[in-house]
Amino acid sequence: MKKFTSDELRKTWKQFYIDRGHVDCGAVSLISDGSTGVMFNVAGMQPLMPYLLGKKHPKGTRLCNVQGCVRTNDIDSVGDKSHATFFEMMGSWSLGDYFKKERCQWSYELLTQVFGFDADHLAATVFAGDENAPRDEEGAQFRIASGFKKENIFYLPAEDNWWGLEYGPCGPDSEMFYVDDREPCGPDCRPGCHCGKYTELGNDVFMQYEKHQDGSLTPLAQKNVDTGWGLERVLAFLNGLDDVYKTDLHTAAIAEIERASGLKYDAEEKSTRSMRILADHIRTAVMLIGDEKRLLPSNAGAGYVLRRLIRRAVRHARTIGLDKENIVKVAEIYIDRYKDSYPLLDHNRGFILTELSREIDRFASTLENGMKEFQKILETERASGSISGRSAFFLYDTYGFPLELTVELAEEEKLTVDEEGFAAAMEEQKQKARDNQSFSAKLSKGESAFDALDASVTSEFVGYGATEADGRIAAMSLAGEDGETLVQTLSQGQSGRIITDVTPFYGTMGGQTGDTGRIVIAGENGAEAVFTVTDTIHVAGGRTAHCGKVESGSFDTGASVHLAVDSARRQSICRNHSATHLMQKALREVLGDHVEQAGSYQDAERTRFDFSHTQAMTGEEIARVEKIVNERIGEDMPVNTKVMSLEEAKKTGAMALFGEKYGDEVRVVDMGGWSVELCGGTHVSSTGRIGRFKILSESGVAAGVRRIEAITGDHVFEYYEDRDKKLQEAASLLKSAQDGVLDAIRKLQEELKAARSENESLKSKQAKEALGDVMSQVKEVAGMKLLAAKVPGVDMNGLRDLGDDLKGKIGSGVVALFSEAGGKVSLVVMATDDAVGRGAHAGNLIKEIAPRVGGGGGGRPNMAQAGGKNPAGIDEAVAACEGVLAAQLSK
């Protein structure tokens, strides 16, 4: 066998197939488009699904690449020598071109001529057949013809030799194995046996069928071949390694983990497992955050998987004494290792490291608060042998503790978690949320009496150019305690909904709130009947429902009515909606093209816009966005709309929402050629009609998502009038003129700062006085100094400062300080570097003694802290420090 580096292996694989008429089709995003029912690309062939089903590939019928993949279904196995959540598949494909003969021949050439395997040590498996598909005799014959020995061909069942995703292309596969010289483990020893005699090298899938969602198989219009070899597995084997974490893909990262932790890889099973998990999960996180789709941690979907990976990595990093800086360093190493093969990683370096650091910080806060509550739950539920589902859900709902983390922590304490009870509590909360929805919100989701109407009953919207129209009542419903019912008549005082054949009322959609107004039946002496519209929504079947109450008279199905939108309110909504378009364009100019809409809402009062951005905007950036928008308003640019095909719209450069599904025809809103977006909402006729624009706030709403709230028109003038009034009140309270308010505030701040400084000095002095003659309390434990003492009335910050001071005074050793303030206990343990070198570990020491004061905590080898709720246990905890430290030093 020949040895390869990972870079050489990638290059060799692709060149082998290029020499045989294939084209390198390149790798695609790790994040799936959802068409195959999975969140990530879990196989090299997955992005090629449409072409395997018959669609013409633009690069031809012979393709090859090296594709990154993410698979987390066996995440619990990560930590051994072979499993990983990110891996690379070396692939080649025939899309209706060659089939089994050429495929078997080329696989044999690759094995023997390129990688240098001896033919006597090669074996292959083929599909044995079942009730769904016949035995693959053809595949077996071509394997033998290519050079495999007949006695080394094995027929195996579907669970071993049938390949396919949940649905889509599938077929019999033929795997190739290296056979070593050891004796078989028994009469049933064959490829797939775990005794080590057979090592899988690669797999050729002969895609002859398509699996449908009902489980049935039909022949494919074209026969395809999908070849996949795992790069990590092959790389390790060619270099004589039985551990993928010893390949050049991981060696630099593992070396850094060894350096930072002071531990040796492979020296001890538990720490080595944590090293592997840390390395694997951080590598996968780097790949996902640095992907072309820039995945961010979140609480749903693929983002939740990423969050779980990072947080699991942090947990294992903590067990071997690593902190955030160490973890980020490992991430940097993986960026450098993969940047030549995945250039986007280097391009996105700053983004990757920033987002990783933020998620680690978020988890640190979650972990600290949640661990305290977990310790409380342990005290009350340990005797039962299980953490209840409700307790697990409380940790999740209140502290953001993932269920997986609770399970892992419980396992460390030899406890189980009631996962079914957790699921039941989760569903109960969801049901409460559903029950709390408003009447109109429930009905807008399809829970509607109108569902039973004939499909011909629809509503035509005429409100883009008008706010009034005449129409006919097509259907009505009456609102009651048990829901709604279809009725022929609505009378005075009754609440319900009216559907008309024509309406100028805009129904809530695309972030724009629904119109309000009146529906009337005119009489000889004015309005005979009046229905006040308080909301307008869309219901199933292309219908618009006007929600409200009959103020006078009555309405019958089939009656002719006049519909009038509250035009002043509509204009305010239009101003806010049009300003939102200008704001999105301005945000992209100021912050960059990565800005994408993540949500929006416009009513008559203000606009709210959520967008993708990873950090808070600066005051200067907010001011620039405001300035740009107001400049465009001042230019009074025309606002034109046009309905066109989606393809035409894309050619105009119109912005579309990422991930949004559009119909064949779309509405394009063009503001002077400067802002062009796909939008179905209502807008002003020119930007000058917006009047003025003011950003009220900018904040974060989720990881990687920011929110701006802004106002327009008269609301801006009202805003400044209110500001002026408040400034006058502030000046009065400060006994200052308006132009002297800032100086008066600065003076107060300086006085407050001086008072706080004096207070801190007094607290520090009191703490030292309370401690007394500190050096007289120092003990010798196995030749190491230990200062364990109680200090009354000092908070955690004061305790840390005092600990630093005392650590300097003793020079070498361990300091453990305990204090009670307000019925709560604070603990701090610090160890000098040489003490850590001898075996002292502050985090483990505090973990041992904290339960004595009714608390829990942990930390690094040189510093740890904890809280407790049992001051009566302080003396016992102080006394226990000597024994715990002695035990550490004796190991």
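Trainee: What pLDDT does the protein chain average?

Mentor: This is a predicted model, so pLDDT is the predictor's confidence in each residue. Of the residues, 94% score at least 70. The chain average is 88.

Trainee: What volume does the largest cavity have?

Mentor: The structure holds 1 cavity of 30 Å³ or more. The volume of the largest cavity is about 90 Å³.

Trainee: Which helix gives the most residues to the lining of the largest cavity?

Mentor: The lining includes Arg308, Arg311, Phe363 and Glu404. Two elements give two or more residues to this lining: helix H14 (403-412) and helix H9 (301-319). The top contributor, with 4 residues, is H9.

Trainee: How many residues of that lining are charged?

Mentor: Arg and Glu count as charged. Among the lining residues are Arg312, Arg315 and Glu408. The lining has 3 nonpolar residues and no polar ones. The charged count is 6.

Trainee: Is Leu646 buried or exposed?

Mentor: Leu646 is found in helix H19, residues 646-651. The cut-off for buried is under 20% relative accessible area. Leu646 has 18% relative accessibility, so Leu646 counts as buried.

Trainee: What distance separates the C-alpha atoms of Leu646 and Glu665?

Mentor: Along the chain, Leu646 and Glu665 are 19 residues apart. Their C-alpha atoms are separated by 5.6 Å.

How values were computed: Residues numbered from 1 in each chain as written. Predicted model: local features only at pLDDT ≥ 70, side-chain atom pairs only at ≥ 80, totals over all residues. Heavy atoms only, no water. Buried < 20%, exposed > 50% of the residue type's maximum accessible area, 1.4 Å probe, protein only. 1 Å grid on protein atoms, 1.4 Å probe; cavity = no way out; pocket = protein on both sides within 12 Å on 5 of 7 lines; lining within 4 Å. Points joined across faces, edges and corners; volume = space filled by probe spheres on them. pLDDT = per-residue confidence, 0-100.
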